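Colleague: Can you walk me through this one? I'll ask as I go.

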Amino acid sequence: MDNLTHSLVGLTAAKTGLERLSPGATLLCVLAANAPDADVVVGLFGDRWDLLQHHRGITHSIVGTAFLALLLPLIFYGVDRLWARVRQRPPKTNLRALMIVSFIVSATHPLLDWTNNYGIRFLLPWNPRWFYGDLVFIIDPSIWLVLVTGLLVIWRVRPETKAKIAFASFAIVVAYWGVLGLAHARAVGRGTFEAERMLWPTNETLLRLAAMPTLANPLRWDCVFETDKATYRFSIKVNDNTRPWRVVRYPKPSGALDAALHEVSQEKPARVFLGFARFPVARLADPSCTTQTLLQLADLRYTEPGASRGTFAVDLPVDCPDQALTEGR
């Protein structure tokens, strides 16, 4: 999820009563809610491929989240003790309370990130497997609206009512997830039916399918599926029987395309991108070229080959098919 959502969750969690456990607890809630995204500093010292490789990695895993949840309150407590010594007064913070706050709120970050289709690697450093919730679009204004409204109400009510409003806000978000879960199940079922109908005349075998949410529309879903011969994407509505639209199909690499993919497979951009992409597809920009062309890769979750979409697509220079075959001989 985006950092605004994580920050709003941290603030709302503070208002459930966690802010009363220790001085500094509110700030800790906001920082703990965002701490796993500390991995973005990789982008400051490397390139976009370093960021793609490490984002939602070790700091979002169970081990990494637990480490950050332990580290933050120790920093808070250490700074408070140092400041207290300078000011010649007793420390104000309660380390045990800060630990409780940090572990509770830190756990919300990987949970929220799991709900969207970008994915998260819970099991690092032992297992690099990606996990995808496919429930919530990566930016969801509905969640913003619920949490911001709750915080505005909390700001105006009596202190004894604040915790109830905060818990109510979280309850509404969870209920919203439940509705999206039902819509997702409907989208998977409908998507599978439509995919099998598309494949009936082609004699292809459906291997896997994912139904993913779209921005601010819980009734429209994008489906991506893989067969033994190709990868497809289409859009559907879960509230009617409208036929799929925006249908695209990319054959799996073979022949010249497969040779070009093998040519760049050890280059950093291709290696990192293919390690991240859930549904990678490829094409040659100009198969009839005479010297060089571009191998265009994309993750069909987000875009198509040749479209500019940040790190979700990449163009790599390769030898033209005839030249590559000649050199191979």
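Colleague: How many disulfides does a search of the whole structure find?
Modeller: The search of the whole structure finds 0 disulfides. Keep in mind that this is a predicted model.

Colleague: What about Cys29, buried or exposed?
Modeller: Cys29 is buried, because its relative accessibility is 0% and the cut-off for buried is under 20%.

Colleague: And Cys223, buried or exposed?
Modeller: Cys223 counts as buried, with a relative accessibility of 0%.

Colleague: Stepping back, what share of the chain is buried?
Modeller: Of the 329 residues in the chain, 45% are buried. The accessible surface comes to about 16,900 Å², and carbon and sulfur atoms account for 63% of that surface.

Colleague: What secondary structure does the chain have?
Modeller: The chain has 12 helices and 7 strands. Its C-alpha trace spans about 80 × 50 × 30 Å along the principal axes.

Colleague: New topic. How many residues are in the largest nonpolar core?
Modeller: That core has 22 residues. Tyr118, Phe276, Leu295 and Leu297 have the most contacts inside it. Elements that each supply at least two of its residues include α10 (255-264), α11 (268-276) and β6 (292-299).

Colleague: What does Leu295 touch, leaving out residues up to four places away in sequence?
Modeller: Among the residues Leu295 touches are Leu257, Leu261, Val264, Leu284, Val314 and Val318. Arg283 and Asp315 are also touched by Leu295.

Colleague: And which residues are in the other core, the one that lies apart?
Modeller: That core has 15 residues, among them Ala25, Leu28, Leu68 and Val101.

Colleague: Last one. Of the contacts between residues at least 6 apart in sequence, what share joins residues at least 24 apart?
Modeller: The share is 58% of those contacts in the chain.

Terms used
Residues are numbered from 1 along each chain as its sequence is written. This is a predicted model: local features need pLDDT of at least 70, side-chain atom pairs count only at pLDDT 80 or more; totals for chains, interfaces and linings use all residues. Side-chain values use heavy atoms; hydrogens and water are left out. A nonpolar core is a set of buried Ala, Val, Leu, Ile, Met, Phe, Trp, Tyr and Cys residues joined through side-chain atoms within 4.5 Å. Buried means under 20% relative accessible area, exposed over 50%, partly exposed in between (1.4 Å probe, protein chains only). Helices (H or I, at least four residues) and strands (E, at least two) are DSSP runs, numbered from the N terminus. Contact means heavy atoms within 4.5 Å. Accessible areas come from the Shrake-Rupley method with a 1.4 Å probe; for residues, only the protein chains shown count as cover. A disulfide is a pair of cysteine sulfur atoms within 2.5 Å.
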